[in-house]
Amino acid sequence: MENKFLSKLEKVLLPIGDKIGNQKHLAAISTGMMMTLSLIVVGSLFLIVANPPINVDLVNPETQNIFLKFMLNWKSFAVENYAMLTKPFNFTMGIVGLMTSFTIAYALSGNYGLNKSTSGLISMIIFLLVAAPIENNSIVMTYLGADGLFIAIILSLLTVEITMLIEKLDWKFKGEHIPPAVLSFMNALVPLLVNIIVIYGLSIIVFVNTGKDIPSLIMMVLTPALSIGNNIWGYVAIVVFGNLLWLFGINGTSIIFPLVFSLGIANTGINAELIKAGQEPQMLMNLQMFRVAILGGAGNTIGLVLLMMRSKSQQLKSIGKLSFIPGICGINEPVIFGTPIILSPILAIPFLFMPILSLSLTYLAQKINLISMGYIVDPSFAPFFVQGYLSSMDIRNLIFTFLIAILSIVVYYPFFKIHEKHMLEMEEVI
């Protein structure tokens with residue numbers, strides 16, 4: 001009866017999951033975001049350099065401790081040269097919206113077979129026209145960074161769709177006697193001109209009639225969606241949905257990635273700007289929450305991997321050892337497919353429950369200041385404990401990640417023992 005139910009559920013969810021996973025717009029958002037990740041990670045490193053992890057009010061400046069002297073000198077240098085040290089941050093993370101407007105359009109146009117570079121440039125130009133007003137002969141950069149990330153996503157998708165429509169309508173210059181290079185140049189002007197007329201023209205009309213620009217209006221519309229993502233229960237529901245898909249062999253992480261990662265990057269950027277301004281971070285649903293959601297991979301399986309490494313079952317022990325290095329870096333396909341967790345009514349329970357527990361505890365720990373809120377974009381696929389520390393340069397966050405890993409062992413243990421017993425019985429039969 002149970003297998004029939006799972007089989008029916010798989011038949012319902014698998015086609016839906018495949019369709020969502022292959023949706024070209026979501027795929028373009030994921031690809032485009034990943035294209036900017038290395039740049040903003042490097043930029044965020046300079047934010048670390050500009051904000052040494054030391055409170056000068058709590059340290060005696062006359063100290064003889066070599067390490068503390070070094071930290072105090074570093075702090076003094078950072079304060080005196082703050083603008084120079086944060087410049088790499090300002091032109092990476094500080095313009096992530098602008099960069100993303102190019103990369104998402106670049107990725108989506110590739111799926112459509114359009115000229116990727118031209119589409120990316122058109123999207124970036126439109127984004128600047130709409131999201132970067134000029135005041136007192138200076139560009140207002142409010143929406144060029146993390147605050148403009150969602151706007152960049154919308155505009156990049158829209159500009160490519162308009163360009164694709166022009167391609168279908170065959171609105172092109174034609175002429176046998178026109179050199180190909182000149183003809184290509186002339187035809188590149190058409191989608192740019194149409195996008196400017198349609199989108200920037202709409203921006204002007206909206207501003208004249210409402211007194212607000214499109215970015216402001218879009219952010220107002222997105223506020224309910226952001227509140228869902230910024231709400232712990234809404235965030236948990238999204239993660240649980242992704243893990244449910246994994247149980248049927250569908251890469252749920254890749255499906256929820258555009259939403260949770262975009263939200264995490266945007267809120268981490270906001271926290272970074274607050275830190276830069278000398279204020280306390282405020283965004284609880286930052287990138288650190290996404291890292292916790294996939295600590296050890298989807299389902300927080302780091303505890304399961306550690307248990308498997310000491311299993312009496314030779315099959316589980318081998319898979320555990322094979323999965324250890326990828327697991328601490330958040331890659332757990334070997335565990336999901338090798339254990340297997342897919343369609344396992346036993347292991348499915350901790351696989352779904354553990355992320356709920358870890359996310360709730362992380363949210364609460366940030367809320368009561370037990371750990372620091374993340375304000376640094378840490379490297380993807382780095383060991384979870386490295387990410388835990390680099391997210392805020394706080395040793396408490398590092399300790400907390402190890403506690404979550406230990407909690408994962410505790411939660412998985414009873415279900416693992418049941419599964420191990422079943423595997424040992426099978427091995428004895430063989």
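Student: Which residues touch the most other members of the largest nonpolar core?

Tutor: One begins with the buried nonpolar side chains that are joined to one another. In this predicted model, the largest such core has 78 residues, and Phe127, Tyr235, Ile265, Met285, Phe290 and Leu359 touch the most other members. Helix 8, spanning residues 149–169, gives the most to this core, contributing eleven residues.

Student: What does Phe127 touch, leaving out residues up to four places away in sequence?

Tutor: Phe127 touches Gly97, Leu98, Ser101, Ala132, Tyr143, Leu144, Gly148, Ile151, Ala152 and Leu155. There is also a second, separate core of 32 residues, which includes Leu307, Ile319, Ala348 and Phe384.

Student: How is the chain as a whole to be described in terms of helices and strands?

Tutor: The secondary structure comes to 19 helices and two strands. Of the 430 residues in the chain, 48% are buried. Among contacts between residues at least 6 apart in sequence, 70% join residues at least 24 apart.

Student: Why do the buried residues of helix 3 line one face of the helix?

Tutor: In helix 3, the buried residues are Met71, Leu72 and Ala78. Seen down the axis of helix 3, these buried residues fall within an arc of 125°, so they line one face. The face turned away from that buried side carries the exposed residues Ile66, Phe70, Asn73 and Glu80.

Student: How many residues does helix 3 have, and what is its span from first C-alpha to last?

Tutor: Helix 3 runs over residues 66–80 and has 15 residues. Its span is 21 Å, close to the 21 Å expected at 1.5 Å a residue. At the start of this helix, a side-chain oxygen of Asn65 comes within 2.8 Å of the backbone nitrogen of Phe67.

Student: Which kind of pair do Phe384 and Phe402 form?

Tutor: The pair of Phe384 and Phe402 is edge-to-face, at 5.8 Å centre to centre and 70° between the planes. This pair links distant parts of the chain, with Phe384 in helix 18 and Phe402 in helix 19, 18 residues apart. Phe384 is buried, at a relative accessible area of 8%, whereas Phe402 is partly exposed, at 39%. Phe384, Phe385 and Phe402 form one aromatic cluster.

Student: Where does Ser391 lie, and which polar contact joins its side chain to another side chain?

Tutor: For a polar residue in a loop, one examines burial and then the partners of the side chain. Ser391 lies in the loop between helix 18 and helix 19 and is buried, with a relative accessible area of 2%. A polar contact of 3.0 Å joins the side chains of Ser391 and Gln288. The side chain of Ser391 also reaches the backbone oxygen of Gly388 at 3.0 Å. Not counting residues up to four places away in sequence, Ser391 touches Gln288, Gly374, Tyr375, Ile376, Asp378 and Asn397.

Student: Where is Tyr375 found, and is this residue buried or exposed?

Tutor: Tyr375 is found in the loop between helix 17 and helix 18, and at 11% relative accessibility this tyrosine counts as buried. The C-alpha atoms of Tyr375 and Ser44 are separated by 8.9 Å, although these residues are 331 residues apart along the chain. Leaving aside neighbours within four places in sequence, the contacts of Tyr375 are Leu47, Thr268, Asn271, Ala272, Ile275, Ser391, Ser392 and Met393.

Conventions. Residues are numbered from 1 along each chain as its sequence is written. This is a predicted model: local features need pLDDT of at least 70, side-chain atom pairs count only at pLDDT 80 or more; totals for chains, interfaces and linings use all residues. Side-chain values use heavy atoms; hydrogens and water are left out. Helices (H or I, at least four residues) and strands (E, at least two) are DSSP runs, numbered from the N terminus. The expected span of a helix is 1.5 Å times one less than its number of residues. Buried means under 20% relative accessible area, exposed over 50%, partly exposed in between (1.4 Å probe, protein chains only). The arc is that of the directions from the helix axis to the C-beta atoms. A polar contact is a pair of N or O atoms within 3.5 Å; within protein, one must be able to donate a hydrogen and the other to accept it, and residues adjacent in sequence count only if both atoms are side-chain atoms. A nonpolar core is a set of buried Ala, Val, Leu, Ile, Met, Phe, Trp, Tyr and Cys residues joined through side-chain atoms within 4.5 Å. Contact means heavy atoms within 4.5 Å. Rings of Phe, Tyr and Trp (its six-membered ring) pair if their centres lie within 6.5 Å; planes under 30 degrees apart count as stacked, over 60 as edge-to-face and the rest as tilted.
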